[in-house]
Each structure stands twice: as C-alpha cells, then as structure tokens.
Amino acid sequence: MRYIDVHCHIDGENYGDLDGLFARLKSVGVEKVICAGVDLKTSVYSSRLADYYDFCYFTAGIHPTELAKSEFDDLEAIYRLARHPKCVAIGEIGLDYHYPDTNKELQQEYFVRQLGIASRLGLPVQIHSRDSAEDTLHILKENKDLLLNGGLMHCYSYSPELAKEFGKLGLHFSFGGSSTWSGNKKAKRAIAALDVGRLLTETDSPYQPPASKYGTFPNTPESIPEIAENIAAIKGITAEALTETVWENAHALFKKLNN
C-alpha cells in the first residue's frame, strides 16, 4: 500500500535525524508528505525540505494564531514562495477563536487575502478552523469564487451536518490521530457520513498521536497507516481500498503532486 500524509509540521527541532525519519517513512509505505507552513519562516523551511527530499512537498501560508509575529508584507513573500514547483497549496490558513484575546477581524482579513493568493496562483487551500465554524463557513461562502481550485478542511473537528455544508463548496476533509481516539465520537460520525471520495489522511505531526501512541511526542507521519486503517474500518472497506482512494483524492486536489 502507498500512503500519503497531506498535512504535517516537520522542523529541525522536534524530530532529530531527519534523514532517518524520511527513511523510516519509506519503510512503512508513506510515499509522499506535505509539510505545512504556519508563517513565513516555517513556509520557507518547508520549501527547503521539499527541495532536499524527493517525496516531500509543502504549503505556504500564515496560520491565524501566528499573526502577532506576521505582517501584511509577508503575504507578498508567501505569494512568491508559493510559485515554487513543489508548493501544492496555500496554508495553513483560516480562523481560530480558541483564545480569549483573539483578534477576529484581523484573522478574517488574513484569511480572505490568502484565499485570494490561492486563487491568483491556481492553488487549493488548506484550512484551519477551531471554535469558528460559523464564521469559517460564512467567509468561504462569501468568497466561493476564490475556491475554484478546491480546498481541504484540515483535521476536521465539526459535525457531520456542517461537513455537508462545507462539502457543498467542493472541499475535502482530512483526519489525523485524534480520529482514532475512542472518545472522539464527532470525528467518527463525520468520517462515517462523508463520501470516501472526499477523505484524506494526515498526522498534523508533531501533534495528535494516534491511539497506539497516545501521550507520546513527537508524533510523525509514520502514524499514517494506523490512521488509514481506522478510517477504513469506520467506512467498512479494506485498508487497501481506502489508501488507494486517498492517494487518488490527494493527487486530484493537490495537482502539483503529479509533477
């Protein structure tokens, strides 16, 4: 089987020997990974990983909780970086209202501006949304003309009913290690309700280890097989069928993976 991790954060601090990590990924069948940027610095770093490792790709974007150390001028640099042949999406971008000091208006402005960058470049987006479902959906509906190249609701955490609304916009949905936790009923219901043609696998490494590694850090893309097996079980299909469909879904959404 060939696996793909469509959203992870690999840096030079948490993982130790990166050559060893990427070798282990190939040994467990993880054939492609997409390293997600959360600000300009991590987007640049992810681009360098993609330059160095043949089966590594990346996204460029500014995460909603990273705005305090970002400025609008960074968006022009994100635009230039995203023209890289292995930048598959703008992300991760979106809204996060989890913290009490959130500047919602600023988050929304960055979100819309980055949707515009993706549209200009003909790229999909990777969307982060936490405690902000209503505004995320509203902004995406209001700017659906900027979503013509598709998008991913990364680490989807809302209800199956909301998934249906996001799905009307042509979005895909990825699930990580938290979807394997026995107490995460919402993720399991969403997976069960979604069409398999909209599902993708991720780890959000170094966070969200799957059930077998709960409490460990860092999580790595080596967890993808366990995540895929869990999704397959929920959908009532074989792991082989699930992973092949996910592979096809990823390459249909992130077209630069085909290069």
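At what angle do helix α5 and helix α6 pack, and how far apart are their axes?

## Packing of α5 and α6

Helix α5 (residues 133–142) packs with helix α6 (residues 160–167) at an angle of about 15 degrees, and their axes are 10 Å apart. That angle makes α5 roughly parallel to α6 (angles under 35 degrees count as roughly parallel, over 145 as roughly antiparallel, 65 to 115 as roughly perpendicular and the rest as oblique). Axes are lines fitted to C-alpha atoms, for helices over the stretch in contact, with angles running from 0 to 180 degrees between N-to-C directions. The crossing of α5 and α6 is left-handed, a term for a near helix turned anticlockwise from the far one by less than a right angle.

On the α5 side, Ala133, Thr136, Leu137, Leu140 and Lys141 make the contact; on the α6 side, Leu162, Glu165 and Phe166 do so (contact means heavy atoms within 4.5 Å). These residues comprise 5 nonpolar, 1 polar and 2 charged; Ala, Val, Leu, Ile, Met, Phe, Trp, Tyr, Cys and Pro count as nonpolar, Asp, Glu, Lys and Arg as charged, and the others, Gly among them, as polar.

## Basis of the model

The model is predicted, with pLDDT of at least 70 needed for local features and 80 or more for side-chain atom pairs, whereas totals for chains, interfaces and linings use all residues. Residues are numbered from 1 along each chain as its sequence is written, and side-chain values use heavy atoms, leaving out hydrogens and water. Helices (H or I, at least four residues) and strands (E, at least two) are DSSP runs, numbered from the N terminus.

## The sheet

An open sheet is formed by 8 strands in the order β1-β2-β3-β4-β5-β6-β7-β8, with parallel pairing (two strands pair if DSSP finds at least two bridges between them). β1 and β8 (199–201) stand at the edges with a single partner strand each, so one side of each has no neighbour in the sheet. From one strand to the next, the twist averages 30 degrees.

Strand β1 (residues 3–8) is joined to β2 by 4 bridges, and the two run parallel; Asp5 stands opposite Val33 in β2. Strand β2 (residues 30–36) has 6 of its 7 residues buried, so it is largely enclosed by the rest of the structure (buried means under 20% relative accessible area, exposed over 50%, partly exposed in between, with a 1.4 Å probe and protein chains only). Strand β3 (residues 56–60) pairs with strand β4 (residues 87–96) in the parallel sense over 3 bridges, and Thr59 has Ala89 as its bridge partner in β4.

## Gln107 in α4

Gln107 lies in helix α4 (residues 104–121) and counts as buried at 4% relative accessibility. Leaving aside neighbours within four places in sequence, Gln107 is in contact with Pro64, Leu67, Gly94, Leu95, Asp96, Tyr97 and Thr102.
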